[in-house]
Amino acid sequence: MTELGSNLQINADRLWDSIHELAEIGPGVRGGNNRQTLTDADAEGRRLFQKWAEAAGMTMGVDRMGTMFFRREGEDPELPPVYMGSHLDTQPTGGRYDGILGVLGGLEAVRTLNDLNIRTRHPIVLVNWTNEEGTRFAPAMMASGVFAGVHTLDWAYDRVDAEGHSFHTELQRIGWIGAEEVGARKMKAMFELHIEQGPILEAEGKDIGVVTHGQGLWWLQVTLTGKDAHTGSTPMPMRVNAGLGMARITELVHTIAMRHQPRAVGAVGHVEVYPNSRNVIPGKTVFTVDFRSPDQETLDAMKAELEAEAPKIAEALGLGIEIEATGHFDPVTFDEGCVAAVRRASDRLGYSSMDIISGAGHDACWINRVAPTSMIMCPCVDGLSHNEDEEISKEWAAAGTAVLLHAVLETAEIVG
């Protein structure tokens with residue numbers, strides 16, 4: 001294999017321009033993006049990405065989950081491809097970089113290979129996974145989960161959004177159902193570039209996060225049932241207040257996470273209160289609990305503690321309670337060979353780096369079940385993500401993309 005040199009760099013300006021051109025599709029209200037999965041904006045963003053990828057000489061495949069695969073042929077088409085990519089869908093108030101950097105960084109890597117007429121033994125495939133965010137259709141990382149055999153296709157198709165639209169119907173509506181069987185593709189390896197979504201790299205002054213592990217998570221949906229009543233005329237001892245129960249369980253979630261420090265986090269996220277009127281005591285609340293840890297025993301212990309202690313709170317207040325697991329994945333240990341390739345790429349290019357555990361779920365976490373996988377992270381300002389104020393620098397984006405390029409090239413094997 002031809003040696004990789006530190007002079008092999010990507011076009012930072014071209015990458016940056018592409019990121020911000022895509023951000024014009026599905027704009028947010030203050031500079032970010034609202035390009036939720038299977039919306040018209042998602043369809044438009046996909047078409048622009050397709051245009052760019054095909055202009056870079058790649059051929060497109062689409063599977064039955066709508067995931068887009070773009071192939072750059074290798075010298076030996078029979079060898080398993082090296083994959084890279086992430087997702088283009090966003091949160092309702094998302095930033096311009098979460099997921100997008102990993103897809104367009106991969107596109108820039110291919111453009112660079114074309115500019116320099118570099119060939120590889122293995123094919124290279126760039127991927128945009130459908131519905132990574134899981135905001136409109138839960139759970140997150142849905143298409144990669146079906147690809148890895150975690151979910152069935154029919155189960156995913158039956159997921160519905162808040163307005164009752166099914167995933168299958170909306171995928172049909174926007175015209176992105178492919179004929180390819182989900183999970184049929186072979187992979188030599190996959191690399192995912194992503195912003196950190198946390199403050200560690202910036203605080204430590206590091207250019208690159210070499211992701212060795214991913215936290216596991218439990219998503220639990222809690223439903224409390226009490227009695228609607230007038231806030232002014234119902235005596236305090238006679239209230240069956242679902243809002244009070246939610247408040248006490250919210251504190252319980254925090255307490256449980258603090259018991260398991262330092263390798264655990266937990267919070268209540270999505271909240272619905274019924275009837276949500278200023279002068280009615282809530283008769284029902286539905287809310288989600290998010291527990292995460294890189295340690296399996298800790299993760300399962302937090303879930304068990306909530307399931308044991310929350311019903312006691314509900315019983316004391318006269319509330320009915322249901323707890324449903326709506327999302328889960330075990331902690332991830334990424335492939336040692338892929339991790340080493342990322343570390344070598346960072347060293348070769350002269351970037352400062354540190355090993356890091358991903359605090360968020362990513363498509364790579366599911367794909368790691370079926371192929372050797374690793375991730376590359378770049379800093380983001382103040383660790384802010386899932387927010388329109390999410391920000392990275394052009395230099396951070398370029399560094400992460402250059403490391404992606406080198407790791408993929410080492411794995412796909414340059415033809416000299």
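Before you click anything, one definition: an axis here is a line fitted to C-alpha atoms, for helices over the stretch in contact, and angles run from 0 to 180 degrees between N-to-C directions. Helices (H or I, at least four residues) and strands (E, at least two) are DSSP runs, numbered from the N terminus.

This is a predicted model, where local features need pLDDT of at least 70, side-chain atom pairs count only at pLDDT 80 or more, and totals for chains, interfaces and linings use all residues. Residues are numbered from 1 along each chain as its sequence is written, and side-chain values use heavy atoms, with hydrogens and water left out.

**Stop one: two helices.** Select residues 12–22, helix α1, and residues 40–55, helix α2. Their axes come within 11 Å and cross at roughly 150°. That makes α1 roughly antiparallel to α2 (the label for angles over 145 degrees; under 35 is roughly parallel, 65 to 115 roughly perpendicular, the rest oblique). Now show side chains: Ser18, Glu21 and Leu22 of α1 make the contact with Gly45, Leu48 and Trp52 of α2, contact meaning heavy atoms within 4.5 Å.

Jump to β2, residues 68–72, where four of the five residues are buried (under 20% relative accessible area; over 50% is exposed, in between partly exposed, with a 1.4 Å probe and protein chains only). Pick Met60 and you'll find its bridge partner, Phe70, in β2. Five residues sit between the strands of this hairpin, and Gly66 in the turn has a positive phi of about 85°.

**Stop three: another neighbour.** Select β4, residues 124–128, which pairs with β2 in the antiparallel sense over five bridges. Here Met68 has Asn128 of β4 as its bridge partner.

Key. Pairing = 2+ DSSP bridges.
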